[in-house]
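Subject: Structure handover

Hello,

Here is the structure for you to open. My notes on it follow below.

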Amino acid sequence: MMNIVIFGAPGAGKGTQSDFIVERFGLTHISTGDLLRKEIADHTALGQRIKSIMDAGHLVSDDIVVEMIDKAIAADTKGILFDGFPRNVAQAETLDKLLAKHGRSITCMVQLEVPREELVRRILERAKISGRTDDNEQTVKGRLEEYDNKTKPVADYYAKQGKRLVINGLGDIKEIASNIISQIEKL
Ligand code: AMP
């Protein structure tokens, strides 16, 4: 059973490429960002607690997302594509432990590389249609700072385990997808 992490800065195309990967390998797509946005849309107590944190572009606390991931792993039988998780090294370590409880492990991490100016351009373009309150110029700065300070080291975590696949995230969406898929198939 495959368990894959899709990794990259905000705007790198993780959501877009996730659709191709889950379709090809029959995985369950778990996006912590989507799960958190659903809590806000449903006006749950948790949603009310996290809205201002997400609107500021900051990461929510590890406990919240770890609990979501724990439940998702327990419920899954197909293999999971993790999108937006892990966002820091502590989350990456926890993910390994949670998977190990079920005799599972990460197969590989797909890192989408996109230059900074292009990330900002894409997010501001997406803002026109996404309806996401964190897709704006002010919040983008905060999200990219969180990425640089906390999330980037996750790439080394998987590189040290020999599980990192680096993919050029610039260019035609379908070409990027077929590049990712052929790299995974080679494993
Ligand atoms: P995303 O949809 O992945 O861009 O996530 C949107 C927002 O949700 C982020 O800016 C964070 O506030 C929050 N978030 C998503 N995933 C995580 C995570 N693994 N850890 C902490 N916060 C997260």
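Which polar backbone atom is 2.9 Å from a nitrogen atom of the ligand? It belongs to G84. This is a polar contact (a pair of N or O atoms within 3.5 Å; within protein, one must be able to donate a hydrogen and the other to accept it, and residues adjacent in sequence count only if both atoms are side-chain atoms).

How to read the model: it is predicted, so local features need pLDDT of at least 70 and side-chain atom pairs count only at pLDDT 80 or more, while totals for chains, interfaces and linings use all residues. Residues are numbered from 1 along each chain as its sequence is written, and side-chain values use heavy atoms, with hydrogens and water left out.

A polar side-chain atom of R37 lies 2.9 Å from one. For H58, a backbone N or O atom lies 2.5 Å from a ligand oxygen. The protein buries 96% of the 480 Å² that the ligand exposes when taken alone (Shrake-Rupley accessible area, 1.4 Å probe; for residues, only the protein chains shown count as cover).

There are 16 residues around the ligand, and T32, R37, H58, G84 and Q91 come nearest (a residue is near if one of its heavy atoms lies within 4 Å). Helix α2, residues 32-41, gives the largest share of this shell, four residues (helices are DSSP runs of H or I, at least four residues; strands are E, at least two; both are numbered from the N terminus). By class, the shell has six nonpolar, five polar and five charged residues (Ala, Val, Leu, Ile, Met, Phe, Trp, Tyr, Cys and Pro are nonpolar; Asp, Glu, Lys and Arg are charged; the others, Gly among them, are polar).

The pockets

The ligand takes up the space of the largest pocket (on a 1 Å grid over the protein atoms alone, an open set of points where a 1.4 Å probe fits, with protein on both sides within 12 Å along at least five of seven lines; lining residues have an atom within 4 Å of a point). A molecule sits in a pocket if more than half of its atoms lie within 2 Å of its grid points. The volume of this pocket is about 1000 Å³ (the space filled by probe spheres set on the points, which are joined across faces, edges and corners). Its lining has 47 residues, with P10, K14, R126, R132 and R143 closest to the centre. Again α2 gives the largest share, five residues.

The second largest pocket has a volume of about 150 Å³. R37 and R132 are among its lining residues. Both α2 and α3 (45-55) supply at least two.

Backbone points

Most residues other than glycine have a negative phi, and most peptide bonds are trans. H43 has a positive phi, near 55°, and lies in the loop between α2 and α3. F85 and P86 are joined by a cis peptide bond, with omega about 0°. P86 is in the loop between β3 (80-83) and α5 (89-101).

Best wishes
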